[in-house]
Amino acid sequence: MAAQKINEAHDYIAKAEKYLKTSFMKWKPDYDSAASEYSKAAVAFKNAKMLEEAKEAYLQEAEAHTNNKTLFHAAKALEQAGMMLKDMQRLPEAVQYIERASVMYVENGTPDTAALALDRAGKLIEPQDLDKAVDLYQKAASVFENEDRLRQAVEMLGKASRLLVRQQKLDEAAVSIQKEKSMYREIENYPTCFKKTIAQVLVHLHRNDFVAADKCVRESYSLPGFSGSEDCIALEQLLQGYDQQDEDQVNRVCTSPLFKYMDNDYAKLSLSLRVPGGGKKTKAGGSEVTAGQTGPGEEEDEYAGGLC
């Protein structure tokens with residue numbers, strides 16, 4: 001069966017090359033027919049599990065379509081070449097072809113298809129290269145934003161923000177989350193703005209920038225429905241506890257369902273947040289002792305600072 005498919009593929013390539021030849025009576029290559037034959041060859045090679053040959057056939061198809069100025073079909077063929085590389089576990093090369101395809105989609109006037117291709121490329125490379133995935137998601141967001149497709153753009157930005165947090169690139173994450181929040185505000189999705197404010201505060205506190213965290217909350221009071229909301233109250237308690245070095249209060253907020261069930265990357269920020277200076281813990285008698293200090297006749301507790 002495989003041998004038959006391989007023979008078929010070579011026959012298709014021979015036909016394609018014939019269509020590309022010119023003669024005294026045929027001045028122009030028949031790119032359209034050649035592209036069709038290369039496509040058939042690629043499928044035959046793929047069915048025969050000859051992925052490298054299938055990739056090359058798809059690239060030849062893409063070249064024929066490009067010469068024929070049918071950029072959409074050229075981009076599709078490039079994407080297929082990328083998929084062959086993906087199946088060969090050559091992900092960085094696969095992503096390069098998908099990026100090239102996305103440029104062609106934009107040139108062809110189909111930017112939505114370009115953005116979706118970039119999103120697919122981001123998902124492909126994410127397990128191997130978080131930096132590249134961030135770059136691809138940000139590019140997809142830009143394409144959607146240029147088309148005023150803000151809902152789709154902000155979804156791509158959200159993916160980039162979470163990966164930046166995962167890499168502990170908190171300065172970049174802060175900028176990215178602010179852009180998300182601005183877009184959600186523009187499309188009047190205020191409840192999600194509240195959640196982005198929580199994410200912002202967690203990022204800024206991990207950056208040891210209390211002023212920036214406090215500013216995010218202050219600015220959010222201009223959002224309809226924020227004042228008095230569950231999110232607002234929790235953030236006020238968090239900032240108060242952090243400012244007063246009250247480890248217990250910070251811990252209560254950080255382990256509450258509102259914080260614990262956020263996207264995983266932000267939930268981890270919440271659970272790992274620590275108060276500078278060690279915080280306070282409350283004794284059974286009601287008085288407070290600063291962590292790291294001991295009361296009368298009391299041995300020092302090495303875990304007094306808590307885990308949050």
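User: Why is Asp-148 called exposed in this model?

Analyst: In this predicted model, Asp-148 has a relative accessibility of 67%. The term exposed requires a value over 50%, and therefore Asp-148 counts as exposed.

User: Where is Asp-148 found, and what makes its phi worth noting?

Analyst: Asp-148 is found in the loop between α7 (130-146) and α8 (150-166). Its phi is near 60°, a positive value in a residue other than glycine. Most residues other than glycine have a negative phi.

User: Which value does phi take at Gln-168, and where does Gln-168 lie?

Analyst: Phi of Gln-168 is near 65°, which is again positive in a residue other than glycine. Gln-168 lies in the loop between α8 and α9 (170-186).

User: Why are α10 and α11 called roughly antiparallel?

Analyst: The axes of α10 (residues 190-206) and α11 (residues 210-220) cross at roughly 165° and come within 7 Å. Angles over 145 degrees count as roughly antiparallel, so α10 and α11 are roughly antiparallel to each other. The crossing of α10 past α11 is left-handed.

User: Which residues of α10 and α11 meet, and how do they divide by class?

Analyst: From α10, Thr-197, Gln-200, Val-201, His-204 and Leu-205 take part; they meet Phe-210, Ala-212, Ala-213, Cys-216, Val-217 and Ser-220 of α11. The residues of this contact divide into 7 nonpolar, 4 polar and no charged.

User: How do you know that α11 and α12 are roughly antiparallel?

Analyst: The axes of α11 and α12 (residues 230-243) come within 11 Å and cross at roughly 160°. Since the cut-off for roughly antiparallel is an angle over 145 degrees, α11 and α12 are therefore given that description. The crossing of these two helices is left-handed.

User: What makes up the contact of α11 with α12, and which classes are represented in it?

Analyst: On the α11 side are Phe-210, Ala-213, Asp-214, Val-217 and Arg-218, and on the α12 side Leu-235, Glu-236, Leu-239, Tyr-242 and Asp-243. By class, the contact of α11 with α12 has 6 nonpolar, no polar and 4 charged residues.

User: How many helices and strands does the protein chain have, and what percentage of its residues count as buried?

Analyst: The protein chain has 15 helices and 2 strands. Of its 308 residues, 44% count as buried, a term that requires under 20% relative accessible area. The accessible surface of the chain comes to about 16,000 Å², and 49% of that belongs to carbon and sulfur atoms.

Conventions: Residues numbered from 1 in each chain as written. Predicted model: local features only at pLDDT ≥ 70, side-chain atom pairs only at ≥ 80, totals over all residues. Heavy atoms only, no water. Helix = DSSP H or I, 4+ residues; strand = E, 2+ residues; numbered from the N terminus. Buried < 20%, exposed > 50% of the residue type's maximum accessible area, 1.4 Å probe, protein only. Areas by Shrake-Rupley, 256 points an atom, 1.4 Å probe, with all protein chains shown as cover. Axes fitted to C-alpha atoms, helices over the stretch in contact; angles between N-to-C directions. Parallel < 35°, antiparallel > 145°, perpendicular 65-115°, else oblique. Left-handed = near helix turned anticlockwise from the far one by under 90°. Contact = heavy atoms within 4.5 Å. Nonpolar A, V, L, I, M, F, W, Y, C, P; charged D, E, K, R; others polar.
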